[in-house]
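The sequence and the model come first, and the text follows.

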Amino acid sequence: SESQDSDGGDTRVSPAPKLRVLLADDHTLVRAGVRRILEAHPGVTVVGEVADAAAALLALQRTTVDVLVLDLSMPGADGFEVLRRARDVAPRTKVLVLSMHADPEYVARAVREGADGYLLKDSAVSELMAGIEAVQAGRAYYSPEVQRELTEILRGKPAPPSPLQDITEREREVLKRIAE
């Protein structure tokens, strides 16, 4: 809208810049659904969609991104690799993990690797925007189930032993490839 200031000159009120979001998930249907939810908000623009870690890191290098919505389970290098490298590639970009994994091992590792927030894929639709807005504003955001897991970790309650705890990184990589 236009108005005149006290000396008769024009002043223009420019709209607030849109929040730029990049989606990284290997499931096309999930990306399409998340895009649709985000584009329903006038203050958000989805600047890209990628299906793997390499494409996510390349997009972060080439595009200005405010928030990366990141799945942890993707083919090739996983979302944890993106978390590790995102701070070097795009230090101002906030990362909101969107995952189906709620177990303490995943949550703790994602937070240690640099996730600004962690949202479960079965969360309410309204939580997605709340999470994006929170991490963009510099606040952490965790869905309620994830908050419970983090609380238990901080209280020192031992997590149930995982059969994967004692395998090497190479063994973990082989298991991941088999699963893919």
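Leaving aside neighbours within four places in sequence, Ser99 is in contact (heavy atoms within 4.5 Å) with Asp71, Leu72, Tyr118, Leu119, Leu120 and Lys121. Ser99 is found in strand β6; helices (H or I, at least four residues) and strands (E, at least two) are DSSP runs, numbered from the N terminus. At 0% relative accessibility Ser99 counts as buried, where buried means under 20% relative accessible area, exposed over 50% and partly exposed in between, with a 1.4 Å probe and protein chains only.

The model is predicted: local features need pLDDT of at least 70 and side-chain atom pairs count only at pLDDT 80 or more, while totals for chains, interfaces and linings use all residues. Residues are numbered from 1 along each chain as its sequence is written, and side-chain values use heavy atoms, with hydrogens and water left out.

**Overall content**

The protein chain has 7 helices and 8 strands. Of its 180 residues, 38% count as buried. Among the contacts in the chain with a separation of 6 or more, 62% are between residues 24 or more positions apart.

**The sheet**

An open sheet of 6 strands has the order β4-β3-β5-β6-β7-β8, with parallel pairing. Its edge strands are β4 and β8 (141-142), each of which pairs on one side only. Two strands pair if DSSP finds at least two bridges between them.

| Strands | Bridges | Residues facing each other |
|---|---|---|
| β3 (residues 19-24) and β4 (residues 44-50) | 6 bridges, parallel | Arg20 and Thr45 |
| β3 (residues 19-24) and β5 | 4 bridges, parallel | Leu22 and Leu68 |
| β5 and β6 (residues 94-99) | 4 bridges, parallel | Val69 and Leu96 |
| β7 (residues 117-120) and β8 | 2 bridges, parallel | Tyr118 and Tyr142 |

A further residue of β5, Leu70, stands opposite Ala24.

In a regular strand the side chains alternate between the two faces of the sheet. Strand β5 (residues 67-70) is covered on both faces: Val67 and Val69 are buried on one side, and Leu68 and Leu70 are buried on the other. Strand β3 is mostly covered, with 5 of its 6 residues buried.

Val47 has its place in strand β4. With a relative accessibility of 33%, Val47 counts as partly exposed. Not counting residues up to four places away in sequence, Val47 touches Arg20, Val21, Leu22, Thr63, Thr64 and Val65. Val47 and Asp66 are 19 residues apart in sequence, and their C-alpha atoms are 9.8 Å apart in space.

**The aromatic pair**

A pair of aromatic rings is described by the distance of the centres and the angle of the planes. Rings of Phe, Tyr and Trp (its six-membered ring) pair if their centres lie within 6.5 Å; planes under 30 degrees apart count as stacked, over 60 as edge-to-face and the rest as tilted. By this rule the count comes to 1 aromatic pair. The rings of Phe80 and Tyr106 have centres 5.7 Å apart and planes at 45 degrees, so the pair is tilted. Phe80 lies in helix α3 (residues 79-89) and Tyr106 in helix α4 (residues 104-113), so the pair ties together parts that are 26 residues apart in sequence.

The charged end of Arg109 sits over the ring of Phe80, 3.9 Å from its centre. A charge sits over a ring if NZ of Lys or CZ of Arg is within 6 Å of the ring centre and within 35 degrees of the ring normal.
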